[in-house]
Amino acid sequence: MAAATAPDSFVKQLDNWILSPSSSIPELERRDARLVTSLAFVLVISFSLRMLFESTLDIVVVGSFIAMIISYTLSRTTYRKLAAGIIIALLIIPSLSNLLAIPDSSNLADWVSGRAVWLALPMVLGSIFFSWRGILVIGIGLFATIALMPNFNDALIFNDMIGSMAIIGILTALLVLAQRHRFFVEEDRRAELITANKALEDARNNLEKRVDERTAELNVALQAAQHADQVKSAFLASMSHELRTPLNSVINFTKFVVKGVMGPVTERQTDTLNKVIASGQHLLSLINDVLDMSKIESGSLNLFIEDDVNPNEILQTIIDSTDSLLIDKEIELKRDIQTELPMMLADRKRITQILLNVVSNACKFTEEGFVKVSAHLENNTLLVTVQDTGPGIAPEDKDAVFTSFKQTDTGLRQGEGTGLGMPISRNLAEAHGGKLWFESEVGQGTTFYVELPVKSDVLKAMM
């Protein structure tokens, strides 16, 4: 096996010794550099043969030979582009014009000698359709044809047979080099493409695997989050319900004491007990908010739907109840409420809760100026507008208004509530087939809009 590989090893070493470019040339450019070196080497051989068979030396041929030696030397260095320029220039210069010249066709042998150059046409076609090995076989066949032609006809003795044979040999060598270069370039590109495809395939497989793994992890996390959310909502609903009963008892018993049912109480005791009742009622409203949000999140909120809800009565009740919020404040409560608004299909308690939250918020956060409550019927829809001259809501806080358990900076400074009033109100408005939104500018106040259909299709479907 070693003996079989020895010739290949020697040929490869010889090929590298003659044609390998300098190691200073970048790897991606070595293939092109090798082609330039190969062309220069072939032309050096061709000019050597020309000088060997010429009886007299032509200065053009000698100069071309020297230039080819220089180009061959330069082609193996980083100056290979200069070498390529010399080769191109020499191919243009008609240094081989006497080889390509067609003799006088009056003589049959001269005519055949001149046309022998055109026998190279099959090699050109071979360079398109066949590999470099096929070109080499065609070239050897043409070379042998020219050499053996006089043996078949004595009249075909070429005056310049050596020149014609040299043309065939040089052209064969050039085409073989070009084909080999193209073959190796295609092999390199094919190898690069295979490597890129493999890397792409591996990346795609890894991506699909990562996506599947990540999807599975997200599904597990989603299920865990949903379960935790359900447990939280159930816990809050249960705790809120359990807390409301004893808290109501505390409030009611305290009221009995204030009224003197349990015996006479002093003025100081009455004042303290009223503070207990106010704190208990505030705590009860917070518990109710938590319970409502828990029902909304768990999808267990039920509406008590009636078809005779009077919006004028609800608005009047709300306005009357907000008077206590305006005590010691220089605020004017304005109203622009259309008389005789139509009866609505709605949950009376929840509509009152929505409007009370919006109006009480406006009164609570406004220190001076006015709060204006407007209500009008527009296209079978009740539009309630609550405008205030409060501090306004900054753009970065707008999302917090409708986010559970979050409050704006102003709300945090007030130190009241859980941040559930507006989220609950919006969910209740949407449950009625309506919507709740606001417009605000810092320092100019805020305007809340509540839009509720008079006869909601959503509620009709629930009846």
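**Exercise 1. Judge the confidence of the model.**

The chain averages a pLDDT of 76, and 71% of the residues score at least 70. pLDDT is the predictor's confidence in each residue, from 0 to 100. Over residues 94–105 the pLDDT is below 50, and this stretch has 26 contacts in the model beyond near neighbours in sequence. Contact means heavy atoms within 4.5 Å. Residues 155–159 also stay under 50, with 13 contacts beyond four places in sequence.

This is a predicted model, in which local features need pLDDT of at least 70, side-chain atom pairs count only at pLDDT 80 or more, and totals for chains, interfaces and linings use all residues. Residues are numbered from 1 along each chain as its sequence is written, and side-chain values use heavy atoms, with hydrogens and water left out.

**Exercise 2. Classify the ring pair Trp-437 and Tyr-449.**

Step 1. Recall the rule: rings of Phe, Tyr and Trp (its six-membered ring) pair if their centres lie within 6.5 Å; planes under 30 degrees apart count as stacked, over 60 as edge-to-face and the rest as tilted. The structure holds five such aromatic pairs.

Step 2. Apply it. The centres of Trp-437 and Tyr-449 are 5.1 Å apart and the planes lie at 15°, so the pair is stacked.

Step 3. Trp-437 is in strand S6 (residues 435–441) and Tyr-449 in strand S7 (residues 445–453), 12 residues apart. Strands (E, at least two residues) and helices (H or I, at least four) are DSSP runs, numbered from the N terminus.

Step 4. Check exposure. Buried means under 20% relative accessible area, exposed over 50%, partly exposed in between (1.4 Å probe, protein chains only). Trp-437, at 28%, is partly exposed. Tyr-449, at 17%, is buried.

**Exercise 3. Describe the largest nonpolar core.**

Step 1. Define it: a set of buried Ala, Val, Leu, Ile, Met, Phe, Trp, Tyr and Cys residues joined through side-chain atoms within 4.5 Å.

Step 2. Of the 42 residues, Leu-355, Val-384, Phe-448 and Val-450 touch the most other members. Helix H12 (residues 348–365) gives the largest share, seven residues.

Step 3. Locate the core. Domain 2 (230–297) and domain 3 (306–461) both give residues to this core, so it lies between them. The domain bounds come from an automatic or database domain assignment.

Step 4. Separate the other core. Another core, of 13 residues, lies apart from the largest one; among its members are Val-36, Ala-40, Val-61 and Tyr-72.
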